[in-house]
Amino acid sequence: MVSRSSSPTVVLRLRGFRELGIIIFIVLISLVIGARNPRFLTWGNLHDMLLDTAILSILAVGMMLVLVTGGIDLSAESGLALTGMVAGMVIKAHPHLSPLFMLFLGLGLGSLLGALTGVIVAWGRVLPIIATLSMMYVYRGITFIISGGKWINAYEMPDSFKEMATGRLLGFSNLITIALLVYLVFYYFIYHTRTGREIYAVGSNLEAARIIGIDTTFITWLVYTLSGALYGLSGVMWVARYASAQNDTATGFVMTIVAACVLGGVSITGGVGSLFGVLLGSVTIGIINNALPMVRISPFWKMALQGIIILVAVMVNILITQSVERAQRRRRNEEI
Amino acid sequence: MKKNVSLLVFLLLGIFVLTGSVFAKGFTIGMVVKNLGNPFMDACGKGGQEACELLGNTLIFQGPATPTVEGQIEIIENLIAQKVDAICVTANDFDALVPVLKKAMANNIKVVSFDSAVNPEGRIVHVNQADAEQIGKLQVQAIAEMIGYEGEIAILSAGATMTNQNTWIAYMKEELKDPKYAKMNLVTIVYGDDLRDKSYNEAMGLFKSYPNLKGIISPTTVGVSAAAKAITDAGLVGKIKLTGLGLPSEMAEWIHNGACEAMFLWNPIDLGYLAAYVAGLLCDGTITGKEGEQFSAGRMGDYTITKAGDGGTEVLLGPPFRFDRSNIDEWKNVY
């Protein structure tokens with residue numbers, strides 16, 4: 001502890017090292033794919049890839065906070081679909097509404113959905129996996145009910161809404177800018193506020209957190225609400241991006257979100273996870289999704305390859321993290 | 001005393017229900033679709049309703065929430081228990097529904113499959129959209145016209161194991177062997193699994209892997225609209241042409257902005273209409289589902305039952321309908 005606070009540069013370097021595994025992996029796979037298709041390494045494609053990652057990376061932040069407390073939010077995918085459908089229906093009925101308002105509508109509605117899930121987990125004391133699995137079906141069901149089974153199609157949405165996803169600010173797609181803003185806000189929240197730090201305390205040791213006076217029930221509720229706010233926001237972005245609100249939007253997507261978190265070094269058992277890691281994890285998934293259609297291989301290989309790449313990435317990450325931690329421990333022992 | 005009254009009420013109710021079903025005019029036809037909340041399937045139901053009203057029958061429209069075989073089996077068991085007169089089903093699996101449908105037929109229920117067939121053992125007759133050969137050929141002809149019979153084309157399909165997709169693709173390849181397409185080259189087939197994000201990424205991948213690509217055929221509704229969006233986003237409208245099988249409501253935007261000049265689909269309202277009509281005729285004994293039988297199906301005109309490729313018999317709806325700028329606006333609100 002003493003050594004950490006006395007030499008901030010070492011701390012910074014070590015924190016960087018933690019994500020070294022995934023960075024090496026990203027560089028390696030980019031070179032391999034770039035060798036097979038040079039267009040992969042162009043600026044245009046890089047931008048497309050970041051654009052692809054934008055929504056996933058936002059969802060991963062919410063999922064990370066839940067995972068850090070030792071929970072999981074399986075309802076994220078259908079919560080996204082439900083907010084997306086509501087957004088689609090609202091914008092169809094009131095095409096003059098500004099896209100910015102729609103984003104806040106998504107944030108608000110998502111927060112409500114997340115808060116409801118949070119109440120069930122925090123005060124209802126239902127196991128997160130059971131509670132969120134149930135809510136996953138509930139939100140999907142409501143999506144079907146409110147839409148009457150109908151889709152909202154491209155021609156029913158105003159251009160202003162669709163342009164939110166295609167428009168650019170300073171050369172970057174708006175979706176990327178939104179993702180960056182989310183990361184800035186959450187960077188401050190997680191690393192520089194008391195509540196943010198308390199989330200980690202709850203995840204590392206629930207009993208200890210309670211004893212030192214942290215309102216663990218509130219923190220548990222809060223992470224699901226935040227996850228909700230982020231999938232609500234993502235729902236609106238998703239619908240604008242694909243110009244279509246379907247009942248089955250993002251079915252099965254929750255696995256991709258969890259995969260992005262795990263790739264980024266978030267521990268499923270709680271207590272561990274960094275914003276930077278999650279961003280890298282999302283980018284890795286983005287690269288895989290973007291690169292596989294470009295390498296000209298059989299579709300059956302693609303499926304298998306996707307799994308293998310994720311597995312290798314996780315293994316490389318674990319190995320490097322372990323060796324970094326060993327080095328850290330050695331250094332700490334020496335200093336003591 | 002109270003007990004007796006309630007017993008009497010139950011008895012009366014029972015008699016009422018029984019006689020009700022015995023003396024009701026017309027037949028009860030159950031229509032089981034792949035899943036609820038799918039605009040295509042809803043349109044089939046609309047057509048089925050129309051045909052049933054015309055013939056004085058009653059339609060029960062049902063389907064599972066997600067396209068699963070288990071869900072369909074449960075619904076069909078239910079319909080058998082309700083003693084319906086006929087079942088029209090668009091199957092989620094070619095073989096898995098056979099046992100339950102055999103049970104239905106053993107209970108004197110007429111079974112018609114439509115859109116997506118079941119094994120001939122499990123049906124009396126199948127009502128097919130259009131023949132696969134025509135569907136495959138039309139799309140190749142359309143893309144050839146759009147790109148001037150010259151250049152690289154690619155196919156964006158749904159799942160690599162889907163029977164209908166693969167059959168159409170086989171006929172597309174067959175059509176491409178014709179010498180008039182000698183300057184056209186099918187470079188690849190990719191699969192978007194009918195997921196919007198994956199189909200979009202696969203389309204984007206095509207533009208980048210094949211810089212000289214001139215056209216895309218996407219014989220699946222999600223695929224063709226995701227490809228249209230990708231073409232629009234990549235600024236390739238007019239440079240890469242697109243056709244396929246799409247829903248007018250989803251494609252209206254992309255037909256208007258030029259990303260897709262024309263695409264095809266059979267009319268699901270007509271398909272549901274014909275299926276329910278055939279079921280009605282089977283119930284009243286006008287037809288028995290044998291090869292060579294001829295009948296007239298209301299507003300749809302005359303049909304003949306033919307031999308199907310799978311060994312059973314079928315009725316062919318007719319050629320797929322072409323949607324382009326001239327007619328998309330009338331259809332975009334229909335389905």
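Student: What covers the buried residues of helix 8 of chain A?

Tutor: The cover includes helix 5 (76-93), helix 6 (99-122), helix 9 (174-192) and helix 12 (216-242) of chain A. This is a predicted model, in which local features need pLDDT of at least 70 and side-chain atom pairs count only at pLDDT 80 or more, while totals for chains, interfaces and linings use all residues. Residues are numbered from 1 along each chain as its sequence is written, and chains are lettered from A and ligands numbered from 1 in the order in which they are written.

Student: Which residues of helix 8 of chain A are called buried, and why are they said to line one face?

Tutor: In this helix, residues 159-166, the buried ones are F161(A), K162(A), M164(A) and A165(A) (buried: 20 or more other C-beta atoms, placed from the backbone, within 10 Å of the residue's own; exposed: 12 or fewer; partly exposed: in between). Down the axis of helix 8 of chain A, the buried residues fall within an arc of 140°, so they line one face (the arc is that of the directions from the helix axis to the C-beta atoms).

Student: What makes strand 1 of chain B mostly covered?

Tutor: Of the 5 residues in strand 1 (residues 28-32) of chain B, 5 are buried. T28(B), G30(B) and V32(B) point one way, and I29(B) and M31(B) the other way.

Student: How do you know that strand 1 of chain B pairs with strand 2 and strand 3 of chain B?

Tutor: Pairing requires at least two bridges found by DSSP. Strand 1 of chain B has 5 bridges, in the parallel sense, to strand 2 (residues 58-62) of chain B, where V32(B) stands opposite Q62(B). To strand 3 (residues 86-89) of chain B, strand 1 has 4 bridges, also parallel, and M31(B) has C88(B) as its bridge partner.

Student: How much confidence does the predictor place in chain B?

Tutor: Chain B averages a pLDDT of 87, and 93% of the residues score at least 70 (pLDDT is the predictor's confidence in each residue, from 0 to 100).

Student: How many residues of chain B are in contact with chain A?

Tutor: 26 residues of chain B are in contact with 25 residues of chain A. Helix 7 of chain B gives the largest share of the chain B side, 8 residues. The model scores ipTM 0.74 and pTM 0.77.

Definitions and conventions. Helices (H or I, at least four residues) and strands (E, at least two) are DSSP runs, numbered from the N terminus. Two residues are in contact if their C-beta atoms, placed from the backbone, lie within 7 Å.
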